[in-house]
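Work through the following exercises with the model open. Each task is followed by a worked solution.

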Amino acid sequence: MASKRGRIDTFIAKKLQIPKKSVRSLIANQQLLLNGDMVMSPDTQIDEFSVIECQGLVLQQRQRAYWMLHKPQGVVSATVDEQHQTALDLLKGVDKDLLHIAGRLDLNSTGLLLITNDARWSQALMSPDNKVTKRYLVTLANPIDETYAVAFAKGMWFEYEGITTQAAKLTIVSRHQAIVELNEGKYHQIKRMFGRFNNPVVALHRESIGQIELDNNLQLGEFRALSVDEIDSVKLTF
Ligand code: URA
């Protein structure tokens, strides 16, 4: 989801269904407030979290929201879905306005899912340029060995996207389990990478995204608000 940044005159004209000329009159008559301050110019920039008041009436006031969910299998990483329960369905009692998922997980994957209404924050987290590390615990049908780590570090050619995957770190945990750390997120990336070895993934669990770790106190399907430190660990880039 893109950040909803734009001019205040465009917002007011749309919200109140009035021409921009009338918005200029409101500004001239000192009837428009942005975050408590008088608006002086029609091209003043606003975003989805700006508090906007007109003639004493609040037209927009939204709190930033950041959640972590321990996603269970069978829950779709989407805001709406006809067939399956969605991640948002699990956020019981939460205002869903503008909520979106920062980095999807496949239907049968489990683990850390981040959900927010702050598009600048989610874009900073997911932008390929920022190379935020995602860590997964992967369980495989067949035994694994060090040749996997070499191939993951070297990168694999993905025909469909026309790219070579970035160096990924694979650490063997046991005969059938590995920790995989990726700095990108191509479609079904981990399954496709193990697919090169004809080794099906039987379980895929995301443990962390950047510095945000899945809270061990959260049972499958449970969620909590992010702490200030977790939110601030994501460096905004614009
Ligand atoms: N890679 C996958 O194949 N699936 C996921 O859910 C996440 C990464």
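**Exercise 1.** In this predicted model, find which residues Val138 touches, leaving out residues up to four places away in sequence.

*Solution.* Start with His176, Gln177, Ala178 and Val180, which are among the contacts of Val138.

**Exercise 2.** Determine how helix α1 (residues 8–16) and helix α2 (residues 20–28) pack.

*Solution.* First take the geometry: the angle is about 110 degrees and the axes are 9 Å apart. Angles of 65 to 115 degrees count as roughly perpendicular, so α1 is roughly perpendicular to α2. The crossing of α1 past α2 is right-handed. Then list the contact: Asp9, Thr10, Ile12, Ala13 and Leu16 of α1 meet Lys20, Val23 and Leu26 of α2. By type, the residues of this contact are 5 nonpolar, 1 polar and 2 charged.

**Exercise 3.** Is Thr86 buried or exposed?

*Solution.* Locate Thr86 in the loop between β7 (66–71) and α3 (87–90). Its relative accessibility is 1%. Buried means under 20%, so Thr86 counts as buried. Not counting residues up to four places away in sequence, Thr86 touches Val75, Val76, Ala78, Thr79, Val80 and Asp81.

Technical notes:
Residues numbered from 1 in each chain as written. Predicted model: local features only at pLDDT ≥ 70, side-chain atom pairs only at ≥ 80, totals over all residues. Heavy atoms only, no water. Axes fitted to C-alpha atoms, helices over the stretch in contact; angles between N-to-C directions. Helix = DSSP H or I, 4+ residues; strand = E, 2+ residues; numbered from the N terminus. Parallel < 35°, antiparallel > 145°, perpendicular 65-115°, else oblique. Left-handed = near helix turned anticlockwise from the far one by under 90°. Contact = heavy atoms within 4.5 Å. Nonpolar A, V, L, I, M, F, W, Y, C, P; charged D, E, K, R; others polar. Buried < 20%, exposed > 50% of the residue type's maximum accessible area, 1.4 Å probe, protein only.
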